[in-house]
Amino acid sequence: MSLGELYREVIMDHSHHPRNRRRIEDADVTIGLDNPSCGDEIVLDLTVEGGVIRDVAYEGEGCTISMAAASMMTEATRGMTLGEAKDLIERYKAMLMGHDGETDDLGELAFLKGVTQFPMRVKCAVLAFTALEKGIHEIEGESDHGQA
Ligand code: ZN
């Protein structure tokens with residue numbers, strides 16, 4: 001697979017029609033992350049209600065892979081419980097590290113498996129998921145202190 005072929009698979013329509021590329025005004029958590037090795041930047045907004053991701057959205061600038069992965073991530077995780085989202089993040093990262101058998105139930109995200117052939121780009125594909133992971137961690141940290 002060439003990088004061009006990977007782009008065509010990943011792009012599908014996510015880079016042309018990004019999902020949830022916006023800010024959430026009353027977000028519970030906002031996480032800013034960058035990937036200096038490529039120059040990708042993302043700001044992730046997350047709203048959680050009753051342990052369920054009510055809304056998740058991103059803004060950012062970066063390469064096709066980082067932005068398409070962010071778009072796919074928001075679409076895949078909205079409506080999930082925090083536990084389901086953490087499980088998805090774990091399986092997605094395992095897929096990108098080349099572990100076979102982890103792509104079941106990843107749906108569209110399985111298109112990004114080709115990134116494993118381009119180790120420098122794995123960080124691009126992971127950026128939005130790491131941001132979500134940090135956001136969930138912050139929210140769970142808050143709830144440990146007795147808030148909803
Ligand atoms: Zn990138």
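This is a predicted model: local features need pLDDT of at least 70, side-chain atom pairs count only at pLDDT 80 or more; totals for chains, interfaces and linings use all residues.
Tutor: Residues are numbered from 1 along each chain as its sequence is written, and side-chain values use heavy atoms, with hydrogens and water left out.

Student: What makes Asp55 and Arg22 a salt bridge?

Tutor: A salt bridge is a side-chain nitrogen of Lys or Arg within 4 Å of a carboxyl oxygen of Asp or Glu. The N to O distance for Asp55 and Arg22 is 3.0 Å, so the pair is a salt bridge. Asp55 is in strand 3 (residues 52-61) and Arg22 in the loop between helix 1 and strand 1, 33 residues apart. Helices (H or I, at least four residues) and strands (E, at least two) are DSSP runs, numbered from the N terminus. The structure holds eight salt bridges.

Student: Why is Asp55 called buried?

Tutor: Buried means under 20% relative accessible area, exposed means over 50%, and partly exposed is in between (1.4 Å probe, protein chains only). Asp55 has 15%, so Asp55 is buried. Arg22 has 30%, so Arg22 is partly exposed.

Student: How do you know that Arg23 and Asp45 form a salt bridge?

Tutor: Their closest N and O atoms are 2.6 Å apart, and the limit is 4 Å. Arg23 lies in the loop between helix 1 and strand 1 and Asp45 in strand 2, so this pair ties together parts that are 22 residues apart in sequence. Arg23 is partly exposed because its relative accessibility is 46%, whereas Asp45 is buried at 0%.

Student: What makes Lys86 and Glu140 a link between two helices?

Tutor: Their side chains meet in a salt bridge of 3.0 Å, N to O. Lys86 lies in helix 3 (residues 82-96) and Glu140 in helix 4 (residues 119-144), so the pair ties together parts that are 54 residues apart in sequence. Lys86, at 35% relative accessibility, is partly exposed, and so is Glu140, at 26%. Glu140 and Leu82 are 58 residues apart in sequence and 8.8 Å apart in space, C-alpha to C-alpha.

Student: Why does Asp40 have no salt bridge?

Tutor: The nearest side chain of opposite charge, Arg121, is 6.0 Å away. Lys and Arg count as positive and Asp and Glu as negative; His and the chain ends are not counted. Asp40, in strand 2 (residues 40-49), is buried.

Student: What makes the pair Asp40 and Ser66 a polar contact?

Tutor: A polar contact is a pair of N or O atoms within 3.5 Å; within protein, one must be able to donate a hydrogen and the other to accept it, and residues adjacent in sequence count only if both atoms are side-chain atoms. The contact between the side chains of Asp40 and Ser66 is 3.3 Å, so the distance is within the limit.

Student: Why is Asp28 called partly exposed?

Tutor: The relative accessibility of Asp28 is 40%, so Asp28 counts as partly exposed. Asp28 lies in the loop between helix 1 (3-11) and strand 1 (29-35).
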